[in-house]
Each structure stands twice: as structure tokens, then as C-alpha cells.
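Visitor: I would like to learn how to read pockets, cores and helices in a model. Where do we begin?

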Amino acid sequence: MDKYFLVNLAGTFRSLQAALIAYGALGLFLIALLDAALIPLPGGPDVVVIALSHHSHAMMPVYVAVAILGSTIGSLLLYSIALRGGQRALLKISTPQRERATRLVGRYDFWALLVAAVLPPPFPFKVFVLSAGAFRMKLWRFIGALVVGRGFRFILEGTLAVVYGEAAIDILKEHYAKIGLGVAAVVLVIFLANNLRRKRRLAAISEADT
């Protein structure tokens, strides 16, 4: 693809995002939807949540809610595409990303998508969404993982914006990798604890039947 075309395309996306921000919560909803579904906007909904929350502290919960809603609906569009197309929906994605995402989603299901929803760009979140559709993840589990993961991410961003203002962006850039690893560790512990509890319950049932 021509480099000049890509530069113009990036400029168009920035202009679109700037135009949508002027509409406040509605603009944020559309930015989150477009970013999750098809069009990767510069900074995505994250920088918009921070900017709007800094400008109006009282509206922060509303901005967080509409960002979660827009991101969830946009992701559902990708999910439905993969649900219909199956593994073919993943063929255009680079092999290492595809293999890693399908392996994690196939093994950990809800938990893999939840961690992916928390982690910021350039983490390939859309690949995990497509993998969830291709693996026919149950819809309620898919939505639940998105709401919890994106909710944690946007609430953190909105809270930091209220407390630290525009400096929240620099704080997140410096520490988000550590936060993401921490969340992944907590999710892994919960997953292992659930598995252990399930095995104990099955063992107890088996003993009761003998």
C-alpha cells in the first residue's frame, strides 16, 4: 500500500476523531464503536475518556459507561463476522498473532478475552475478538469478558484523569504494562482457583456416588 495513501488515511482518522470529540459522550460512544469494530483511531477511546473526564469530573462515570458500551457493540460486530466465517475470518491475520490468540482463547476462553480487553494498544485485541467468534464462545461470556475488562481499563483511565488531569496519559504510558501484568496475574490465580474448586467438587461427587 502506498506510503502517501497511508499518511493521508491516518490524517483522515485523526480529523474524524477530532470532529467526534466535540459531541462529548455521543462522540466518545462512536469513537469506541468504530475503534473496536473496524477503524483503529489514534489513541482510540482511551485518550478521549481521559480528556473528557479531565474536563468534566462529574461526567466521568457517564464517559466510562458509553466507552464500555461503544467498545462492546463494536467488538460484537467483529464477533458476529467470525461467528459466521469461522476459522476463515482469521486467515488474513499474521500467523504468530493468530496462533497465539487461538491457543489462548481455545484454552482459557473467557479469561483470555478478559485480559486482552484490559491490555492497551499495540496488543492485538481484535485478533482475540475474532478468535472468540471463531471458537463459538458463548455470547454472555463474550460480553461479560468485554464489560469487565474494558470496564476496569476505562474506570482506571477516568479516575486517573480526575485525580491527575492530563498527566494521567504519561502515568499510564509509564505504568500500564505493569498494571496489565498485575491484572493478568490476578486473572490467572482466579482461573486456577476455579479449576481447583471444580476438581474438588467433581471428586466429592464421585466419592458420594461410590
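Guide: We begin with the second largest pocket, whose lining takes at least two residues from each of α3 and α9. Note that this is a predicted model.

Visitor: Which helix gives the most to the lining of the second largest pocket?

Guide: That is α9, with 5 residues. The lining includes Ile169, Leu172, Lys173, Tyr176 and Ala177. Other residues there are Gly43, Asp46, Val47 and Ile50, along with Pro120, Pro121 and Glu157. By class, the lining has 8 nonpolar, 1 polar and 3 charged residues.

Visitor: How is such a space found, and what is the volume of the second largest pocket?

Guide: A probe the size of a water molecule, rolled over the atoms, shows where empty space is left. Here the second largest pocket holds about 300 Å³. For the largest pocket the volume is about 480 Å³.

Visitor: Which residues are closest to the centre of the largest pocket?

Guide: Asp35, Phe123, Pro124, Phe125 and Lys126 are the closest, out of 27 lining residues. At least two lining residues come from each of α2, α3, α4, α7 and α8, and α7 gives the most, with 4. The lining divides into 18 nonpolar, 3 polar and 6 charged residues.

Visitor: How should I read nonpolar residues in the interior?

Guide: In soluble globular proteins, nonpolar side chains tend to be buried together. In this model the largest nonpolar core has 37 residues, and Leu113, Phe125, Val129 and Phe142 touch the most other members. Two or more residues come from each of α4, α5, α6, α7, α8 and α9. The helix that gives the most is α6, with 9 residues.

Visitor: What does Leu113 touch, leaving out residues up to four places away in sequence?

Guide: Leu113 touches Phe125, Phe128, Val129, Ala132, Met137, Phe142 and Ala145. There is also a second, separate core of 16 residues, with Leu20, Leu41, Tyr63 and Ile68 among them.

Visitor: How do I check the length of a helix, say α2?

Guide: Compare the expected span with the distance between the end C-alpha atoms. The 13 residues of α2, at 1.5 Å a residue, should span 18 Å, and the end C-alpha atoms are 18 Å apart, so the two agree.

Visitor: Which residues of α2 are buried?

Guide: An α-helix has 3.6 residues a turn, so residues three or four places apart point the same way. In α2 the buried residues are Gly27, Leu28, Phe29, Ile31, Ala32, Leu33, Asp35, Ala36 and Ala37. One of these, Asp35, is also among the residues closest to the centre of the largest pocket.

Technical notes. Residues numbered from 1 in each chain as written. Predicted model: local features only at pLDDT ≥ 70, side-chain atom pairs only at ≥ 80, totals over all residues. Heavy atoms only, no water. Core = buried A, V, L, I, M, F, W, Y, C linked by side-chain atoms within 4.5 Å. Buried < 20%, exposed > 50% of the residue type's maximum accessible area, 1.4 Å probe, protein only. Contact = heavy atoms within 4.5 Å. 1 Å grid on protein atoms, 1.4 Å probe; cavity = no way out; pocket = protein on both sides within 12 Å on 5 of 7 lines; lining within 4 Å. Points joined across faces, edges and corners; volume = space filled by probe spheres on them. Nonpolar A, V, L, I, M, F, W, Y, C, P; charged D, E, K, R; others polar. Expected span 1.5 Å × (residues − 1).
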